[in-house]
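Here are a few notes to keep beside you as you look at this one for the first time.

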Amino acid sequence: MSALVQIRPATPADAEAVAQVVRRAWADRVAPDSSGHQESPAQVRADLERGYAWVALDGEAVVGTVRLVRHPHPLERGVWEVKKLGVLPEYRQQGVAHRLMEAVFRQAFELRARELRLAVRHDQPKLLKWYTQFGFSYDPSLRYSTPNPKTPAPFVMSKKLEVLS
């Protein structure tokens, strides 16, 4: 199935499908207090205004997604956040998430980003190991830019990027 899945940049027209994929992908994996369960097209469009998103397509159907959004704090120049990675259950374990992460890294390189960050929910520690394969490491000194006030603070992981000049 995965070989047929295509990755392309998301557009505002994809906002509804992206929000649905996040809600469906997280439904069976993430605690009910996660903000992902309330993901909306408006939130997707707001993130697109500050960054980028990709969709994984099987034909016309969106089956996975991820976002790369500029860190909102002015002192964090060159820092971008990876957000809302989600793949529908029937497409997991086929490399779709890896291919979405590759799209993130290509864009980060083009942007000359100096660092990528992401947040892993406090109750999803197994994801810490998954993200280490991409060079991310847990940094307890970092705080996430948009934490969910209804949950304990997430683990923040970072990956420093070499900027080639």
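What percentage of the 165 residues of the protein chain count as buried?

1. The answer is 45% of the 165 residues, where buried means under 20% relative accessible area, exposed over 50% and partly exposed in between (1.4 Å probe, protein chains only). Please keep in mind that this is a predicted model: local features need pLDDT of at least 70, side-chain atom pairs count only at pLDDT 80 or more, and totals for chains, interfaces and linings use all residues. Residues are numbered from 1 along each chain as its sequence is written, and side-chain values use heavy atoms, with hydrogens and water left out.

2. The protein chain has four helices and seven strands, in the sequence order β-α-α-β-β-β-α-β-α-β-β. Helices (H or I, at least four residues) and strands (E, at least two) are DSSP runs, numbered from the N terminus. The radius of gyration is 15 Å, close to the 15 Å that the globule rule gives for 165 residues, so the chain is as compact as a globular protein of that length. That radius is taken over C-alpha atoms, and the rule is 2.2 Å times the number of residues to the power 0.38.

3. Now look at helix α3, residues 96–111. Its 16 residues reach 23 Å from first C-alpha to last, close to the 22 Å expected at 1.5 Å a residue; the expected span is 1.5 Å times one less than the number of residues.

4. Which residues of α3 are buried? They are Val-96, Ala-97, Leu-100, Met-101, Ala-103, Val-104, Gln-107 and Ala-108. Seen down the axis of α3, they fall within an arc of 150°, so they line one face of the helix; the arc is that of the directions from the helix axis to the C-beta atoms. The face turned away from this buried side carries the exposed Phe-109 and Glu-110.

5. Strand β4 deserves a look too. Nine of its nine residues are buried, so β4 is largely enclosed by the rest of the structure. β4 pairs with β3 in the antiparallel sense over six bridges, and Leu-68 stands opposite Val-82 in β4. With β5, the pairing of β4 is parallel over four bridges, and Glu-81 stands opposite Arg-117 in β5. Two strands pair if DSSP finds at least two bridges between them.
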